[in-house]
Amino acid sequence: MKFASTRDNRVSVDLSSALMAGLAADGGLYVPRELPNFTAQDFAADESLAAIATRLLQPFFADDPLADELAAICAQAFDFAAPMKALPTEQTWLLELFHGPTAAFKDFGARFLAACMQRLQASNPVPLTILVATSGDTGAAVAAAFHGLPNLRVVVLYPDGRVSPRQAHQLGCFGDNIHTFRVAGSFDDCQRLVKQALSDRGLQDRVPLSSANSISLGRLLPQMAYYAHASIGHWRRTDRSLNFVIPTGNLGNALAAILARACGLPIGDIALATNANRVLPGFFAGSDYTPLPSVATLANAMDVGAPSNFERLRWLYPDAAELRKAFKVRAVDDPAIRATILSGAQYLGEVFCPHTACAVRVLEELRAEGAAGDWAIVATAHPAKFEQIVEPLIGHPVPPPAALAELLARPAHAQALAADYADLVDALARIE
Ligand SMILES: *Cc1c(COP(=O)(O)O)cnc(C)c1O
């Protein structure tokens, strides 16, 4: 399959080129030129997440240099589960996406992208540097996914003092080919430095660079797999389609569900939950799309004022009125996040992370207004990643899952960096 740009449908590149480039040359985002059409029966022989992913992604990889490697890539990337857990509330499940190495859903996309890039880099003698700006979760997932891969290195920039102590520890605990910098500045400063480097041709002649942010097709496409796995399993058990409510920031996770539904999988309604950053809820309520500076909330991985995948949503739904009718989008503010974490622990016996709590709350509102059917709440991170918020509310410790505990037990180190482009260029030149 070939891929076009959201800004120009005459663009036609193969998947591998789109993965390596990140952004299209015209500044748009890569999108598939056509969508395959599946029915749930097409997956009759497939049970595991890796097997479903391989079948689902096969049309996107057709004619690509990586086509023959797809099954191996899926087996390598999807080596942990995405279980559905029934909640005490009727017709409600939790789709747990936090069983990977860094306990958040970004592990799926990061591990898939790493498995692809590892193969694309295999015959290239020059190492490739993946440059990532992170407000917490992305950098850890990318670092864990690329750690130890030959011919690839990762440079992570995070805002010093503005990620949680556990997040900082995860970012700095890898070493080897992972280089972690704590930047004296904000997340926006980190992002600005990365963008400047990625558009600096002179620098890239000396230090070949690529990115791994949430617009990468190599993260977006594999995320469709857990929606396929959950909805097909549900359909087999119940003969009913499954609705999803998704905690949303840059729209990467939600867009994967939307694409999976567009490919014919048994997915019903898709509802989006944001935190107090209201750009999407505002648009869906009828306002023009107006990016805003992000505001800090308890669900910090969703503190986004300009959702980077919005352009892909407009490409799928060129008609704004139709788009506004297609999804319910609600904002959840910090007091409601706190109240939901507390009531979840008291009445459901379930501890939610602040992001997942936004989705829990939105489903409660939709149900109160009469929404029917089977719903899966997408749990994007383990609550132990946000222990400083969750533990005081519920009054007891939340033990980290084994994979996370293992990372936290390693020593961690990050180098200091000024929020200054010349300093970043120096630092990149010094990396072995
Ligand atoms: C990144 C992240 C989100 C937001 O996902 P998007 O794809 O940016 O919409 C939600 N929850 C957690 C825990 C995250 O790390």
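Let's start with a crossing: helices α4 and α5 cross in a right-handed way. Keep in mind that this is a predicted model. Two packed helices are described by the angle between their axes and the distance between the axes. Here, α4 (residues 106-121) and α5 (residues 137-146) pack at about 40°, and their axes are 8 Å apart. The two helices are therefore oblique to each other.

Who does the touching? On the α4 side you'll find residues including Lys-106, Ala-110, Leu-113 and Met-117, while α5 brings, among them, Asp-137, Ala-141, Val-142 and Phe-146. Sort the residues of this contact by type and you get eight nonpolar, one polar and four charged.

Now for the inside. In soluble globular proteins, nonpolar side chains tend to be buried together. The largest nonpolar core in this model has 97 residues, and Phe-112, Ile-130, Phe-146, Tyr-227 and Phe-244 touch the most other members. Helix α9 (residues 217-238) gives the most to this core, with 10 residues. Another core, of 29 residues, lies apart from it and includes Leu-94 and Val-360.

Finally, look at two spots in the backbone. Most residues other than glycine have a negative phi. Asp-63 isn't a glycine, yet its phi is positive, near 65°. You'll find Asp-63 in the loop between α2 and α3, and it is exposed, with a relative accessible area of 73%. Gln-91 also has a positive phi, of about 55°. Gln-91 sits in the loop between β4 and β5, and it is partly exposed, at 36% relative accessible area.

Conventions
Residues numbered from 1 in each chain as written. Predicted model: local features only at pLDDT ≥ 70, side-chain atom pairs only at ≥ 80, totals over all residues. Heavy atoms only, no water. Core = buried A, V, L, I, M, F, W, Y, C linked by side-chain atoms within 4.5 Å. Buried < 20%, exposed > 50% of the residue type's maximum accessible area, 1.4 Å probe, protein only. Helix = DSSP H or I, 4+ residues; strand = E, 2+ residues; numbered from the N terminus. Axes fitted to C-alpha atoms, helices over the stretch in contact; angles between N-to-C directions. Parallel < 35°, antiparallel > 145°, perpendicular 65-115°, else oblique. Left-handed = near helix turned anticlockwise from the far one by under 90°. Contact = heavy atoms within 4.5 Å. Nonpolar A, V, L, I, M, F, W, Y, C, P; charged D, E, K, R; others polar.
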